[in-house]
Amino acid sequence: MRQSSVLAVALGLSLTVGAVAQQPVTSTPTAQPAPPQNPWANKFFLRDIATNREQAAPAVIEHNFGEVPHGTICTEKFTITNIYDVPMQITEIRKTCTCLDFVPMIKALKPNETADFTVMMNTGKFVGINTQTFYVTFGPKFVSTAVIRVSANSRTDVSINPGNVSFGAVPLGTHPSQTVTIKYTGRGRDWKLTDPAPVQGPFDVKVTEVSRGGPLRGGAEYQVDVTIKPTAAPGAIAEQVSIKTNDATHPIVQLMVTGTITAPLELAPSKVRLDPVPVGQATGQRVSIRAAKPFKVLSVDGGGDGITVELPALGAAGAPAPTVQVITIKFDPTVPGTVNRVLRIRTDLEGGIATLPVEAEALKP
């Protein structure tokens with residue numbers, strides 16, 4: 001050991017004695033293990049890690065929300081990419097401040113899979129510059145803790161209440177609204193909100209001046225109304241609205257809008273892929289249909305080429321309809337070939353129509 005130490009010194013190398021966190025194997029040639037102070041889990045959060053897997057892990061992942069109105073709930077969505085040959089999942093999340101929150105990645109990531117991890121910082125809980133940290137531990141076989149540091153400067157002259165717009169679940173075809181108040185308490189007598197930047201999401205934004213301090217003192221108050229369009233398609237909403245100001249030093253006020261447009265009917269699975277079967281044999285699969293209130297399945301159109309549908313059994317007379325119904329997709333081919341059909345499920349609910357793609361293959365007997 002003494003000779004090895006002398007040789008290392010002579011070559012200008014350093015020796016480290018102690019345990020080093022074990023790193024999983026990448027699907028590409030293995031890079032040198034990152035130093036212990038640079039957790040390899042930090043690599044999951046790098047934007048270009050999928051195409052540049054051998055880059056070194058940074059000491060910390062940083063994101064600065066910048067200067068924002070007091071009360072803003074700042075949001076940043078990271079994409080996590082599993083670059084290793086073993087499944088990885090989040091086993092623990094710690095945060096250094098009650099002003100922090102997150103939307104976790106709840107599933108285990110298979111090799112090369114990605115998922116979103118959203119962090120939030122509530123600037124209504126502090127004034128001025130604040131920097132805080134998330135510690136995100138991955139495992140379970142190989143364990144490493146990523147370090148995500150976020151910061152923001154909570155302004156005192158501009159405030160926003162509430163700090164974001166969260167619609168939650170919105171039934172398809174409805175157009176609910178939410179209102180946010182933006183106040184300016186600085187000395188500028190001509191401070192104004194102007195038009196919103198072009199909106200990317202399925203909603204409308206209206207900005208209205210409510211009051212102004214007057215010619216001798218500053219101050220202004222605005223109402224911002226956000227309304228979901230009735231034509232919004234089913235799916236998640238997560239869009240940042242930028243509202244312009246006439247303040248050259250702070251030309252934008254940003255507002256996060258989130259929600260989920262829910263269809264009247266939810267199918268599980270939403271697409272059917274039947275196993276190939278020889279001509280003369282049959283196969284099938286059950287599909288559950290869920291709604292927010294009781295309903296009945298009236299018909300299913302679009303069958304053919306060996307595809308048929310068995311409707312739910314009728315309940316006893318006078319019995320209430322359930323909120324979950326099950327249909328059975330059957331495939332009984334008579335000729336070889338591939339079959340692609342789109343079934344149209346009709347119910348007695350208003351707008352209660354759903355489509356179900358079905359794929360099947362008939363083999364030669």
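**Ground rules.** I am working with a predicted model, where local features need pLDDT of at least 70, side-chain atom pairs count only at pLDDT 80 or more, and totals for chains, interfaces and linings use all residues. Residues are numbered from 1 along each chain as its sequence is written, and side-chain values use heavy atoms, with hydrogens and water left out.

**Entry 1, cis bonds.** I looked up the bond from Asn161 to Pro162 and found it cis, with omega near -10°. Pro162 sits in the loop between β7 (144-161) and β8 (165-171). For my own reference, strands are DSSP runs of E with at least two residues, numbered from the N terminus. Next I checked Ala268 and Pro269, which are joined by a cis peptide bond with omega of about 0°. I placed Pro269 in the loop between β15 (265-268) and β16 (272-273).

Which loop holds Asn112? I found Asn112 between β4 (100-103) and β5 (114-122). Its phi is near 75°, a positive value in a residue other than glycine. Asp305 is not a glycine either, yet I read a positive phi of about 55° for it. Asp305 belongs to the loop between β19 (297-301) and β20 (307-310).

Is Asp305 buried or exposed? I noted Asp305 as exposed, at 52% relative accessibility. Asn112 has a relative accessible area of 46% and is partly exposed. The cut-offs are under 20% relative accessible area for buried, over 50% for exposed and in between for partly exposed (1.4 Å probe, protein chains only).

Technical notes. Helices (H or I, at least four residues) and strands (E, at least two) are DSSP runs, numbered from the N terminus.
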